[in-house]
Each structure stands twice: as structure tokens, then as C-alpha cells.
Amino acid sequence: QSTKFANTLARSCAEEALKQIRNSTSFTGSGNLSFLEGSCNYNVVNTGGQNRLVTATGTANGAIRRISITLNAITPKISVFSWQEVADF
């Protein structure tokens, strides 16, 4: 159950990072969210032009899950090149 919560939390922070980019296309940086089940954090890096690398990590009862998202465009809409869920790191 902890693994499922950690994955859900990582997805929540990934979505929050995408929302930050949608609200401000120049956004880079990090943030975190806390929930009853655990917490998560995200980081957005500009890798050149409209390319962004988004990483998000969710933690719940010792379980950790990470998501890595590569964006290849952010205007006029966000375009996801890859979305990878990493079970172990």
C-alpha cells in the first residue's frame, strides 16, 4: 500500500510542476507538497529552448517512487516527449 501511495504522491507533484509551467512558461525551480499519506517534491530544469526536465519524488511510509518527464515544447501547449515512472532508485 505504501508503494501505491508513494506513486500517487509522485504523480501529484508531477502534475503540480506541469501546472506551474502552464501558469508561467519561464518557470524553473522546485517545490513540495504534504499530505496525510506522505509527501512529494518536484524540480523543473530548463534544458534549452522550450525543453524542460521535470522530476518528481513521492514518499509514503518509507516507500519512494520517482517520475521523470521530458517536455519538448511548452507553448502553445505543453508537449510531453517522455514520462517514465521509476520504481527504484
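Five strands make up an open sheet, arranged in the order 1-2-3-4-5 with antiparallel pairing. At its edges sit strand 1 (29–34) and strand 5 (79–86), each of which pairs on one side only. On average, and with direction ignored, neighbouring strands of this sheet are turned by 15° against each other. Please keep in mind as you look around that this is a predicted model.

Strand 1 and strand 2 (residues 39–48) run antiparallel and are joined by six bridges. Within this pair, Gly31 stands opposite Tyr42 of strand 2, and Ser34 has Ser39 as its bridge partner in strand 2. The hairpin of strand 1 and strand 2 has four residues between the strands, and Gly38 takes a positive phi there, near 160°.

Moving on, strand 2 pairs with strand 3 over nine bridges, again in the antiparallel sense. Cys40 finds its bridge partner in strand 3, namely Gly58. Two residues lie between the strands in the hairpin of strand 2 and strand 3, where Gly49 takes a positive phi near 60°.

## The helix across the sheet

Helix 1 (residues 2–23) lies across strand 1, strand 2, strand 3 (51–60), strand 4 (63–73) and strand 5. Its direction is about 145° to that of strand 3. How far apart are the end C-alpha atoms of helix 1? They are 31 Å apart, which agrees with the 32 Å that its 22 residues should span at 1.5 Å a residue.

Which residues of helix 1 are buried? They are Ala6, Leu9, Ala10, Cys13, Ala14, Glu16, Ala17, Leu18 and Ile21. These buried residues pack against strand 1, strand 2, strand 3, strand 4 and strand 5.

Ala6, in helix 1, has a relative accessible area of 0%, so it counts as buried. Leaving aside neighbours within four places in sequence, Ala6 is in contact with Gly58, Thr59, Ala60, Ala63, Ile64 and Arg65. The C-alpha atoms of Ala6 and Gly62 are separated by 8.8 Å, although the two residues are 56 residues apart along the chain.

Glu16 also has its place in helix 1. Is Glu16 buried or exposed? Glu16 is buried, because its relative accessible area of 17% falls under the 20% cut-off. With neighbours within four places in sequence left aside, Glu16 is in contact with Leu33 and Tyr42. Tyr42 is the strand 2 residue that Gly31 stands opposite.

In soluble globular proteins, nonpolar side chains tend to be buried together. Here the largest nonpolar core has 20 residues, and those with the most contacts inside it are Ile21, Tyr42, Val44, Val54, Ile69 and Leu71. Helix 1, strand 2, strand 3 and strand 4 each supply at least two residues of this core. The largest share, eight residues, comes from helix 1.

Leaving aside neighbours within four places in sequence, Ile69 is in contact with Ala14, Arg52, Leu53, Val54, Val80, Ser82 and Trp83.

Methods
Residues numbered from 1 in each chain as written. Predicted model: local features only at pLDDT ≥ 70, side-chain atom pairs only at ≥ 80, totals over all residues. Heavy atoms only, no water. Pairing = 2+ DSSP bridges. Axes fitted to C-alpha atoms, helices over the stretch in contact; angles between N-to-C directions. Contact = heavy atoms within 4.5 Å. Buried < 20%, exposed > 50% of the residue type's maximum accessible area, 1.4 Å probe, protein only. Core = buried A, V, L, I, M, F, W, Y, C linked by side-chain atoms within 4.5 Å. Expected span 1.5 Å × (residues − 1).
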